[in-house]
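This report goes through the helix packing, the sheet and a few loop residues of one model. Please read it with the coordinates open.

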Amino acid sequence: MVQERAGVPVLVCDPDGPLIATMDDALDLIGSTYQGAEVVALPAARLDERFFSLGTRFAGELMQKFVNYRLKLAVVGDVSSYLAASSALRALVRESNRSDHVWFVPDLDALDARLAVQAP
């Protein structure tokens, strides 16, 4: 469902929706943004475990799809267990959070704060 959050149209994905496990799943999700969303707020629990294992390259491919379609992706939720297990993932999250395209946020309130800072 597209919601306006901090003045930005955001597709807030249902936590109980389908797992994003393939690039086709990602493209289906991107297709859902044609309702006017600029940002996709995707619960971390909906991402296949491979996303958090950087050696699979799934995270990089998925994130690049969003960049290619000029959409922002916010991975919403607790990813601390994955971060504790991988210094490479910690570095990716840190760098992503410095960018304008992909963010990792603990909850929708944190996303709202991030969007408010990004507003023109």
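## Helix packing

A crossing of two helices is called left-handed if the near helix is turned anticlockwise from the far one by less than a right angle, and right-handed if clockwise. Helices (H or I, at least four residues) and strands (E, at least two) are DSSP runs, numbered from the N terminus. By that convention, α1 passes α2 in a right-handed crossing. The residues in contact (heavy atoms within 4.5 Å) are M23, A26, L27, L29 and I30 on the α1 side, and F58, E61, L62, K65 and F66 on the α2 side. Sorted by class, this contact of α1 with α2 has eight nonpolar residues, no polar ones and two charged ones. Here Ala, Val, Leu, Ile, Met, Phe, Trp, Tyr, Cys and Pro count as nonpolar, Asp, Glu, Lys and Arg as charged, and the others, Gly among them, as polar.

Two packed helices are described by the angle between their axes and the distance between the axes. Axes are lines fitted to C-alpha atoms, for helices over the stretch in contact, and angles run from 0 to 180 degrees between N-to-C directions. The axes of α1 (residues 23-31) and α2 (residues 58-68) come within 10 Å and cross at roughly 25°. That angle makes α1 roughly parallel to α2; angles under 35 degrees count as roughly parallel, over 145 as roughly antiparallel, 65 to 115 as roughly perpendicular and the rest as oblique.

## Basis of the model

The model is predicted: local features need pLDDT of at least 70, side-chain atom pairs count only at pLDDT 80 or more, and totals for chains, interfaces and linings use all residues. Residues are numbered from 1 along each chain as its sequence is written, and side-chain values use heavy atoms, with hydrogens and water left out.

## The sheet

Strands of a sheet pair through backbone hydrogen bonds, either parallel or antiparallel. For this report, two strands pair if DSSP finds at least two bridges between them. The model has an open sheet of five strands in the order β1-β2-β3-β4-β5, with mixed pairing. Its edge strands are β1 (2-5) and β5 (102-105), each of which pairs on one side only. From one strand to the next, the twist averages 30°.

β1 and β2 (residues 8-12) run antiparallel and are joined by four bridges. Within this pair, E4 has P9 of β2 as its bridge partner, and R5 has V8. L42 stands opposite V75 in β4. Four of the five residues of β4 (residues 72-76) are buried, so this strand is largely enclosed by the rest of the structure. Buried means under 20% relative accessible area, exposed over 50%, and partly exposed in between (1.4 Å probe, protein chains only).

L19 lies in the loop between β2 and α1, and D48 in the loop between β3 and α2. D48 is buried, at 16% relative accessibility, whereas L19 is partly exposed, at 43%.

Leaving aside neighbours within four places in sequence, L19 is in contact with D25, A45, R46, L47 and D48. One of these residues, R46, is 27 residues from L19 along the chain, with 4.6 Å between the two C-alpha atoms. With residues up to four places away again not counted, D48 touches L19, I20, A21 and F58. F58 also belongs to the contact of α2 with α1.

Most residues other than glycine have a negative phi, and most peptide bonds are trans. Which phi does A6 have? Phi of A6 is near 55°, a positive value in a residue other than glycine. R57 lies in the loop between β3 and α2 and counts as exposed, at 63% relative accessibility.

G60 is found in α2. It is partly exposed, with a relative accessible area of 45%. The C-alpha atoms of G60 and L92 are separated by 9.5 Å, and the two residues are 32 apart along the chain.
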